[in-house]
Each structure stands twice: as C-alpha cells, then as structure tokens.
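Thanks for passing this one along. Here are my notes, written to be read with the model open beside you.

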2 protein chains.
Amino acid sequence: MRFFSFVQALLFVAINFNAISLRAQTTNLTVNTERLTAQLKKLSTFGMNEKGGNDRVAFSDYDVQARAYLTDYLEDLGLNVHTDAAGNLIAKRAGKQNALRPIAFGSHIDAVPNGGHYDGNVGVMGGIEVLETLIENNIQTDHPLEFIIFSNEEGAIFGSRALAGKIDPATLEVTTASGYTNGEGIARLGGDPSQVMQLKRSPEDLHAFLELHIEQGNILHKNKLDIGVVEGIVGLKWWDVEITGLTNHAGTTPMNDRKDAMLAAAKFVLAVNEIITQTEGAQVGTVGRIEAFPGAPNVIPGKVVASLELRDLEAAKIAKLFTQIEARAHEIGKETQTQFEFRPIDATAEPALTDVRIQNLIRQNAIGLNYSHKTLPSGAGHDAQDMAVITPTGMIFVPSVNGISHAPEEYSTPEAIAKGASVLLHSILDLDKVNFNSH
Amino acid sequence: MRFFSFVQALLFVAINFNAISLRAQTTNLTVNTERLTAQLKKLSTFGMNEKGGNDRVAFSDYDVQARAYLTDYLEDLGLNVHTDAAGNLIAKRAGKQNALRPIAFGSHIDAVPNGGHYDGNVGVMGGIEVLETLIENNIQTDHPLEFIIFSNEEGAIFGSRALAGKIDPATLEVTTASGYTNGEGIARLGGDPSQVMQLKRSPEDLHAFLELHIEQGNILHKNKLDIGVVEGIVGLKWWDVEITGLTNHAGTTPMNDRKDAMLAAAKFVLAVNEIITQTEGAQVGTVGRIEAFPGAPNVIPGKVVASLELRDLEAAKIAKLFTQIEARAHEIGKETQTQFEFRPIDATAEPALTDVRIQNLIRQNAIGLNYSHKTLPSGAGHDAQDMAVITPTGMIFVPSVNGISHAPEEYSTPEAIAKGASVLLHSILDLDKVNFNSH
C-alpha cells in the first residue's frame, strides 16, 4: 500500500503539475533585492532623458549600448552568449542533462519613446538575478537554461515573433521609432535580416517559457497584491487610418465649402471612443498617433493620418468592433466629404492563453513564499504571447504603482520586483523537475 | 467761367479721385500676356516638387535661389535693387520728380509647404511685367516707383510687418517651416535681424501701395468675373493649443481610467467647428496642425499640441469667438480630465480696410479696360494689410479656378492674370497723377 501510494503521488505530480513543489533545501531561497535594484538602475542609464523617462527605443544607439553592456555582464557570469538572426540576445547555461529541452525565460529592454524604466527591464534584470542566484548557490538545473532578451518588443514584438515564425519580408521594411527599418535595426543589434525567416522554433526545441513583467495596469497595486498569475494575453490589431479631404486656404474657403480631413479625423476619434465604450466588455481602442498634412495653421488639412489600435482577449470581438468602426468612418466620410482608408499594420497579435499547468505552478510558488496573488489577464502584449505558440508558457506580473506605464512615471518598488523574481526562480526550479510529455 | 470750371474740374479730380482717368495715349495699353506667363512658369521651377506643388517656403534654399534670379532680372531691367534689413527685396525706378513720394507695389514669392504656383507669385511677376511694359513704352512716371518682394508672408507676414513697425524680438526667434527662425531666415536672404526694428516706414515715406493677388476663394471664378476690388482684409489670430492628459499604456488602461489628450483634442476640433458655424457671419476657424505625444499607436497620448486660427473682418468678433472657444475647451478639459492651455502666436493681423479712393480708381480702370468686376473682402491675409497702416492701399484680385489655393491645384488662367496686371499698370499711372494731400 505504501508503495502504491508513492506511485500515486508521483502520478499526481506528473498529471496535475501543481500543488507539490519539488524544492529541497532551496525552499526559502529568494533573490538579492539590493543587487537587482542596482542592476535595474544601471540599465535605466542607457537612454534616460531630461524628463526622467527613457528613450531606449528598439535599435537606437541606447539599445545597442545596453545590449553590449549586458553581453559583457552575462559572459562574465560564465554564460554562453550570442545574438540570433532576429537580434535576440541569448545567454545559455548548461544543465546536468543537456539532452533535455532548455527552459527559456526573458523579456525585452526596448522602450516606447519617452517611456519608463520597468516595462521589459524587470523581466530582463529579474532573469539575470535568477541566474546569479542559481550560480552563487551552486544550483545547476537538469535542463539547460536559455535566457532571452528579445528585439523590438514595443514596435513590432519582433524577436519573439521571429521565433514563432511570424515575420514576413514586409515587416523587415517597416520603419520603427528609431528611424531604422526592422531589417536595418536587427542588423545593428548583430542580427541578419536574410536569415530571420529560418529562425522559427518547433515545440521540440524548448521545455517551457516564463516571462516576468510589470502589470502596467492598476489591479495588483490597487488591491495591494504581490503576484499576478497571468491567464492570457489580449490580442491586438493596428491600422493606419488615412483620411483624404481637400487642402485649401483657411482664410478664403467658407466653412460650408470645406473638405476638412481634420474635422473628419476628430469625428473618427470620438466614434472609436463611443463604439468601444458602448460595447459590453473590457476591450480597449486607442488613437495614439496623428498627423495633418500639410500641417500649417492657415491651411485646411487635405490629409490626416492616424493610428488605430484595438485589443481584446477574443479575436472575434476585435474583428466585430473594427467592422463597426469602419462602417461609422465611412458615414463620417460622407458627412464631411472625405474618404477613409484603413491599412492593417503588421503588428497583429492573436489573443494567447498561458499554460494552465504553469499558472498553477506559479500560484503555488507565490503561496509557498507567502506572497498574495491574483489570476488576471494581460491587457498589454508581450513576448510571451508569441512564445506560447511554440512551448508551454507562463507569465508572472508584479504591481505597477498607480497602474502607470509607457511613461516616465512608471514605477514598481524594489521589494515587489524581487518577489516576482523569486517566484520566477522557483518556477524555473519546478519546471526543471516536471515532464510535460508524461500524460 | 471757363477758367473757374477748369479749377472745379481739378478739384473734382483731387477730391473724388475716381471717375476721371488721366491716361493719355496709354489708355488702351495692356501688359504682355505671353511674357508674363513665361515668367510665372520660370518662377515656379524654384521649389517645384514631385506632386506638382511648390515647396518654396520662406528662407528655404528655393527662396534664396529665386531671389537671386529675380535680383539679376530686375538689375538687367536697369532698376536699383537692394535687400532691406527684413529681407524684403526692393527694386527702385526713378521718377521724373524724385522729390515726390514713391508709389509702392509688390507681393511675395514664399509658399506654404506643398503650396501652389500663383499665391504671391502673380503679384510679383505681374509687378515686374508692369515695370517691363513701362520701360518698353518709354513711360516714366512722375513719382519714383518702388517694387517690393516681401519676406516670409506665409509664415508671419514678416517683411510687410517690419515696414509697419510690428516686429518684436520674440518674432525673430520663432522657428518657421524652413527650420530656420525668422532671424536666421532673413539673414539668409541678405537681411540684418539686428536692424529690423529700425525699418518702420512713416506715412511720409510712400505715396500709396498696390498689391495684385489671386483671390484664393471662389467668388470671382464662380461668377465668371475678371477683377476683384478688395474692400478690406480680414484680421486673423493664431494660437498654439496644448492639451495635457496622462500618458499611459493603451492595453492596460481601461477606457474609463484614461486621461486621453487625443480624445480631448477631437472634442476641441468639433467644438471650434460648431462655434464658428453656429454664429451668424462669414468668420472662419481652422485647426490645421496637430501632433500627439509620444505619438505611438500603443500609447495613450499624454499631450496633444494643435493650432487654432480665427479670421474675421471685425477684431471684436474674433475676440468674442475665441472667448467662447476657450470656455468650451475648459468644459472639455473637465469632461476628459485634461488641461487646455492657449498660447497666442505672434502672427496676429488686425482687420485692414483698403483706401476707398483707390478702390474707386481700380474699379474705373477695370471698366475702362472692359473687364467685369466685383467689390469683395479678402479672407486671406496679405502684405497689403500691413502696408495699409503706413499708406493709402489698394488691392486687385484675379480669379482662382474653383477657389483652390495653398495646394498644388491652385490655378489662374494666363488671360485672367494679365487682366489683373493691366489694371495694376493703369492704377499706378493714375496714382501718379493724384495728390492725396490735396484735401
């Protein structure tokens, strides 16, 4: 009976993959908060601007310089570092059994223009802190470890999409916030645009993927919670919206004779807001970029180009909302004597669900370390959503103070970040002991 | 009695200054349509772009090159050419009585970005054609003639405002469409920023000023009329409108938690349109420029900067409309949790009325040449409005096909332009024979 119950217990671990932690003497191990804080501060110096924000947009000189710094740092830790064709910086640590598939984890260091110092950075520096903690505690995992700093997450989720086999030649030609195209940009990072399409990983290539990240929303902070167990990542779609009217002199063209693309754009922005807010659900819709042509105070704009972004956990809902917005735009076009044209931008991300077994494992580690937790979706897109296509994926959130992100005021406390990194550490150790193919 | 009636007739000329033309053998003289057309075509080559428009913005290389060409051309005609401190290119022709005050006429050659080839150019090349016609017909006026190509009309009505004594040091620091400040720009044209404030002309310096210009509206073309007798030029005011919200992540910030400066800007654009169109009158209001910060599709804009322009023939009405717009903007700020700030831009122009005596003179010349005509206001600002502060001023319009202006499609026929130049020619000859100080 005793033997039988031991077999039952083993089966329980393999099948349910949750409640039982295989930590031995590492049970109460946590990361070094002070070192992690100092490392985050160091990283923030690459691209820090006068407003206190960060301009380390993908492929900028700041991005190149920060990657050079991190390459040296990771090599000094004894890791095997290289940059792949997509500009992903990859540091490998051998396992006891190198025939096993690697456990991957990581995030990104590129920022939006005048962004903050935590989005992406926390997962990167938290990942490095996990590696340092393992090294200084002489813990070698069975599986090899693969730590990844993805390229151009903010602009196109480029690096992780390359691993998921989602990059097409057109994406390489898209100009990014740095002024460089994706192709030029990844070459600046040491990648090779001509080889990007060959990078696609298969499910056999990895054991699992984990990403630690700030929430960028206000659920954890508002509810004073430590750890977010991410259940899924919303999908998003982007469009360029071009509105064509007739350029004319602002002084000599009576109000009722105008074909004013700016007036049409204003009605469009309000229509997007109305349609999104009047529909049941947690979807969001944003017009974040706008330009009027020719763009002089004394000229009626004959053209306005704006962006449109829609996000939801269901792809079908995004499609339905877009159909409504497009129909309303064409009505506005008739009212204002302008034409609307929508051009999809290749930054599309399908909604992605994380692996329920890994959700359970993260949750149990939060409980084990005495951290409060909550299961929640991610409204932001992440590299994890593309890694989820290849391998079982989990995501750990730490609170963002006041939910502010993509802004200089973005902040997470050192303690909150260290808690997330400690959960990451134990989740890697647990993943090392399970076999996803056993059932 | 005979003598007395001759005196009466002289007084009639001096006082009513209209019906009687003093043309002698020049009565039916008209300008050379072919030469004028060729000259306009030559000028259009400086700054012509791929879309067929013109990018000869003030102070650009195109502007500098066109002025060099025109300087040579005017010198070859035997005129005395110089550039004043404000970058105005001035060509002088001696009169028979150089103690008399000069008759001034002219316009500008700078364009809005991707503008047309007629706005300003018609008055400049029409003015040169008048000079050539006088020279080849051996007609020397009693008064000296002063032909002026003003600097930066489109950006700040700079050159004529300098002559009116309206430039302040802050205006010199304003960056123009060329990328240069007004100060840097006029230096590029051969001006001297340090001397601009000393340029102010007094009423004693000039006899009168005339400007030939395209209508830039659709009244003359639609009504198949040849000549517009301009009764006044609307005033205009410009503001920079800065809307401050809170920059945040577009995916993680619920719709009801946003402080979206773009949404506020859209409501503002609609409010301007509503207030302007719901008020009785011919006033116009335009938002021609807009920029969102940071300006990425996945970031809720924390700041939007837009332009506001208001125009009307009454300064009090502009002030009243602005008060309404400002009040409505602050309501929008409350609704959207954003702040509105209005910064006046120094491009203000007071409404200006032309001289009624010169209006009559232009009208009589149109009748004498058998051209149809109409008296109308100018919705566009012009150098004439600042010259009107210094000296009796008149303005002659020729039709713009379909009223299109400030766009590549801007067009006036060669015949229409030549008619305007012929009216300018005879108006100069008539002004040469009258004494404004006689009553």
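The points below go from the pairing of the chains to the domains within chain A.

1. A word on conventions before the details. This is a predicted model, in which local features need pLDDT of at least 70 and side-chain atom pairs count only at pLDDT 80 or more, while totals for chains, interfaces and linings use all residues. Residues are numbered from 1 along each chain as its sequence is written, chains are lettered from A and ligands numbered from 1 in the order in which they are written, and side-chain values use heavy atoms, with hydrogens and water left out.

2. How do the two chains relate?

3. On the interface itself, 55 residues of chain B are in contact with 54 residues of chain A (contact means heavy atoms within 4.5 Å). About 4700 Å² is buried between the chains, 65% of it from carbon and sulfur atoms; buried area is the accessible area, with a 1.4 Å probe, that two parts lose on being put together, summed over both. B:H249, B:M255 and B:P297 supply 14% of the area that chain B buries against chain A, more than any other three residues.

4. Which element gives the most to the side of chain B that touches chain A? That is α10(B), with nine residues (helices are DSSP runs of H or I, at least four residues, and strands runs of E, at least two, numbered from the N terminus).

5. Turning to chain A, domain 1 covers 22-234 + 351-431 and domain 2 covers 235-349, with bounds from an automatic or database domain assignment. Their C-alpha centres lie 34 Å apart. Here 14 residues of domain 1 are in contact with twelve residues of domain 2.

6. Between them, domain 1 and domain 2 of chain A bury about 980 Å², 57% of it on carbon and sulfur atoms. On the domain 1 side, A:R161, A:V234 and A:P351 lose the most area to domain 2, together 48% of what that side buries.
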